[in-house]
Amino acid sequence: DKPDVKKVAEYAAKGREIPWVRVYKFDAHADVRFNHAAHIRAKVDCATCHGDMTQAETAQKNVNHNMGTCLSCHRQKGAPQDCATCHY
């Protein structure tokens with residue numbers, strides 16, 4: 001019954017992309033590509049970066065994504081750490 005949920009349902013019904021307000025983004029000069037699919041396959045919980053969205057009204061920036069935090073997480077999870085994994 002929430003108005004914002006109805007808005008999302010309307011976009012879905014029309015098959016249109018939702019004009020989200022970005023919470024995270026990398027500086028263009030960093031030449032970083034981020035792929036959610038790889039992180040989902042690795043079973044990284046969405047709440048790791050986005051917080052508990054079942055309890056939130058809006059998305060918040062919970063992690064300061066930079067090379068240090070990304071490499072630290074990749075080391076902990078045994079993920080690839082070579083430059084080409086994230087940079088192109």
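In which loop is Asp31 found? In the predicted model described here, Asp31 is located in the loop between H1 and H2. The backbone of Asp31 has a phi near 50°, a positive value in a residue other than glycine. The relative accessibility of Asp31 is 36%, and because this value falls between the limits of 20% and 50%, the residue counts as partly exposed. A second residue of this kind is Lys43, a non-glycine residue with a positive phi, near 60°. Lys43 belongs to the loop between H2 and H3. With a relative accessible area of 71%, Lys43 is classed as exposed, since the limit for that class is over 50%.

The secondary structure of the protein consists of four helices and zero strands, so that the order of elements from the N terminus is α-α-α-α. The C-alpha trace extends over about 45 × 25 × 20 Å along its principal axes. The radius of gyration of the protein is 16 Å, whereas a compact globule of 88 residues would have a value near 12 Å. Of the 88 residues, 6% count as buried. Among contacts with a separation of 6 or more, 51% are made by residues 24 or more positions apart.

The analysis of pockets is presented next. The largest pocket has a volume of about 1900 Å³. Its lining comprises 48 residues, and those nearest the centre are Val23, Tyr24, His36, His50 and Ala59. Each of the helices H1 (3-14), H2 (36-41), H3 (47-50) and H4 (67-77) contributes at least two residues to the lining of this pocket. By residue class, the lining of the largest pocket is made up of 27 nonpolar, eleven polar and ten charged residues.

The second largest pocket holds about 280 Å³ of space. This second pocket is lined by 18 residues, of which Met67, Cys70, Leu71, Cys86 and His87 are the closest to its centre. The lining of the second largest pocket divides into nine nonpolar, six polar and three charged residues.

How values were computed
Residues are numbered from 1 along each chain as its sequence is written. This is a predicted model: local features need pLDDT of at least 70, side-chain atom pairs count only at pLDDT 80 or more; totals for chains, interfaces and linings use all residues. Side-chain values use heavy atoms; hydrogens and water are left out. On a 1 Å grid over the protein atoms alone, a cavity is a set of points where a 1.4 Å probe fits but cannot get out, and a pocket is an open set with protein on both sides within 12 Å along at least five of seven lines; lining residues have an atom within 4 Å of a point. Grid points are joined across faces, edges and corners, and a volume is the space filled by probe spheres set on the points. Ala, Val, Leu, Ile, Met, Phe, Trp, Tyr, Cys and Pro count as nonpolar, Asp, Glu, Lys and Arg as charged, and the others, Gly among them, as polar. The radius of gyration is taken over C-alpha atoms; the globule rule is 2.2 Å times the number of residues to the power 0.38. Buried means under 20% relative accessible area, exposed over 50%, partly exposed in between (1.4 Å probe, protein chains only). Contact means heavy atoms within 4.5 Å.
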